[in-house]
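This briefing concerns a predicted model and is arranged by topic. Please consult the sequence and the structure shown below.

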Amino acid sequence: MTKVSASPVVIVDNLTKHFGEVRAVERISFEVLPLSTTALVGGNGAGKTTTLSILLGLLLPTSGTVTVFGENILRHRHRVLGRMNFSSPYVDLPRRLSVAENLTVYAHLYGLDRIPERLRALARDLEITAFLNRPTGELSAGQKTRVALAKALLNEPRLLLLDEPTASLDPDTGDWVRAYLESWRRRTGATIILASHNMAEVERLCDHILIMRDGRIVERGTPAELIGRHGKSNLEDVFLSIAREPSGVAGKDFSAVAQ
Amino acid sequence: MSDASDIIAAREVFSWRRVAALLLRHLYVLRRSWPRLLELAYWPTMQMMLWGFITTFFLEHSTWVAQAAAVLISAVLLWDVLFRSNLGVALSFIEEIWSRNLGQLFVSPLRPYELVSSLLIMSFIRTIISVTPAAFLALPFFDVWVFQLGPPLIAFFANLLIMGWSVGLVVSALVLRYGLGAESLCWLGIFLVGPISGIYYPIATLPGWLQPVAWALPSAYVFEGMRGVLFEQVFRVDFFAAAVALNVIYLALSCAFFLFMFHTARKKGLLLQQGE
């Protein structure tokens with residue numbers, strides 16, 4: 001196991017992204033500590049995916065800075081992309097390529113060694129060995145999710161970003177994915193940031209939560225802190241109470257609140 | 001844990017391995033799809049056959065055309081080099097968008113110019129697969145051996161290939177910026193330059209005002225050069241030099257345009273949104 005430093009893996013400072021008149025993200029700031037699982041939570045259009053895209057360097061912000069592993073991601077994304085990875089149901093792998101072919105291509109893109117051994121171990125771990133040679137486009141949603149996870153874990157990332165990792169999965173498969181992610185994080189000591197609508201998932205996986213609304217962070221804390229602060233019995237109710245507040249109230253900016 | 005060597009490899013400014021990874025991605029598709037391979041070779045062969053039979057018919061009616069059989073068939077094949085080279089770049093790029101793979105690619109350490117390199121190499125491979133069968137079939141069908149052009153054939157091929165790359169990169173950049181709505185430019189773009197490239201007739205045939213436009217295209221020098229070799233057995237070095245110079249300029253501009261559009265796509269958040 002690599003020695004883990006206590007300095008934040010991710011530092012987001014005053015991040016803003018406007019698309020013309022649309023304020024997708026507005027002056028958000030937060031830090032993500034090593035070994036943590038942080039959730040970006042919010043309704044549709046809250047700014048979660050925009051934030052993830054900026055963290056990955058796929059999207060340039062209007063202003064603000066993002067530091068990942070001590071590097072400015074906006075200027076030097078290639079210095080850290082090899083230590084990160086990403087999975088989302090909204091991107092795909094080439095459908096005509098077999099699972100093994102897709103994973104081989106990405107293994108080369110990440111400059112990995114001992115590719116056949118890595119693929120075999122990962123396939124065993126994620127239970128995808130049986131369909132390694134099938135075209136990716138012919139897989140079920142659950143199988144595709146596991147293959148997408150395999151791609152995201154190929155380079156054994158120190159920082160894993162997940163956009164709605166269990167969207168459109170049946171409860172059993174969703175539970176399998178959550179259990180896998182829990183054990184993977186414990187085993188590897190990696191850091192996870194995930195965007196999700198699923199409050200049960202967030203409550204189970206995450207030790208820190210950022211609730212976004214209208215591009216701002218309107219609440220943050222551990223699941224227990226949020227539940228206690230809002231006097232609710234679970235995160236779902238916390239989320240609903242924030243979502244139903246008039247926007248002027250929910251729009252208050254908690255970005256200055258220390259973690 | 002990731003090995004330190006993996007991390008160093010991921011930080012390399014240019015990696016042939018990442019370029020090769022993308023080539024592998026397209027070769028996997030070609031390998032498992034014989035209809036695609038067949039389609040690549042089909043159209044150039046059909047074009048060659050069509051023009052070959054038309055020429056054979058006219059052979060009996062015109063002494064000029066009697067000398068021109070090799071010219072027309074060579075022109076058809078060289079035009080296909082240009083056409084297929086353009087498609088080789090643009091379709092390889094659009095395939096990433098069709099498969100919603102672009103966002104995945106660019107969260108890996110892949111750099112945009114490595115993507116461009118892989119598109120150009122893939123275009124070369126596709127073009128060779130496309131035109132080789134037609135070039136060889138011209139011999140048994142029409143007694144035309146296109147390789148009689150000799151070493152100049154390599155010069156013509158290379159110039160048309162590079163011009164096709166430039167057009168393909170511009171089209172790809174427009175698709176990146178404007179989405180699959182711009183997809184048809186793959187086919188339309190190259191046909192814009194067809195009539196003014198002097199493929200089947202000299203540039204002098206064009207109206208006077210259009211001729212300067214034609215001479216701004218590398219393809220005009222290639223096809224005039226080809227006629228020079230076949231009719232007069234002269235390789236025009238000046239035409240070759242002009243085509244090379246124009247290609248260098250256009251390829252540099254098209255690469256810059258693609259990279260600029262990539263930057264624009266990062267500003268507008270298009271890399272994750274592309275797809276059918």
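At what angle do helix α7 (residues 151-178) of chain B and helix α10 (residues 218-232) of chain B pack, and how many Å apart are their axes? The two helices pack at an angle of about 160°, and their axes lie 9 Å apart. Residues are numbered from 1 along each chain as its sequence is written, while chains are lettered from A and ligands numbered from 1 in the order in which they are written. The model is predicted, local features need pLDDT of at least 70, side-chain atom pairs count only at pLDDT 80 or more, and totals for chains, interfaces and linings use all residues.

**Confidence**
- The model has an ipTM of 0.86 and a pTM of 0.85.
- The average pLDDT (the predictor's confidence in each residue, from 0 to 100) of chain B is 86, and 88% of its residues score at least 70.
- Among the elements of chain B, the lowest mean pLDDT, 60, belongs to helix α1 (residues 4-11) of chain B, and the highest, 96, to helix α11 (residues 237-268) of chain B.

**Fold of chain B**
- Chain B contains 11 helices and 0 strands, where helices (H or I, at least four residues) and strands (E, at least two) are DSSP runs numbered from the N terminus.
- Of the 276 residues in chain B, 48% are buried (20 or more other C-beta atoms within 10 Å of the residue's own, with C-beta atoms placed from the backbone).
- Of the contacts in chain B (C-beta atoms, placed from the backbone, within 7 Å) between residues at least 6 apart in sequence, 76% join residues at least 24 apart.

**Packing of α7(B) and α10(B)**
- The axes are lines fitted to C-alpha atoms, for helices over the stretch in contact, and angles run from 0 to 180 degrees between N-to-C directions.
- α7(B) and α10(B) are therefore roughly antiparallel to each other (an angle over 145 degrees).
- The residues in contact include F156(B) and M163(B) of α7(B), and V222(B) and M226(B) of α10(B).
- This contact of α7(B) with α10(B) comprises 8 nonpolar, 3 polar and no charged residues (Ala, Val, Leu, Ile, Met, Phe, Trp, Tyr, Cys and Pro count as nonpolar, Asp, Glu, Lys and Arg as charged, and the others, Gly among them, as polar).

**Interface of chains A and B**
- Chain A contributes 33 residues to the contact and chain B contributes 36 residues.
- On the side of chain A that touches chain B, two or more residues each come from α1 (48-55), β6 (84-87) and α3 (99-109) of chain A.
- The largest share of that side, 5 residues, is given by α3(A).
- By class, the side of chain A that touches chain B holds 16 nonpolar, 9 polar and 8 charged residues.

Note on methods:
Buried ≥ 20, exposed ≤ 12 C-beta atoms within 10 Å, placed from the backbone. Contact = placed C-beta atoms within 7 Å. Parallel < 35°, antiparallel > 145°, perpendicular 65-115°, else oblique.
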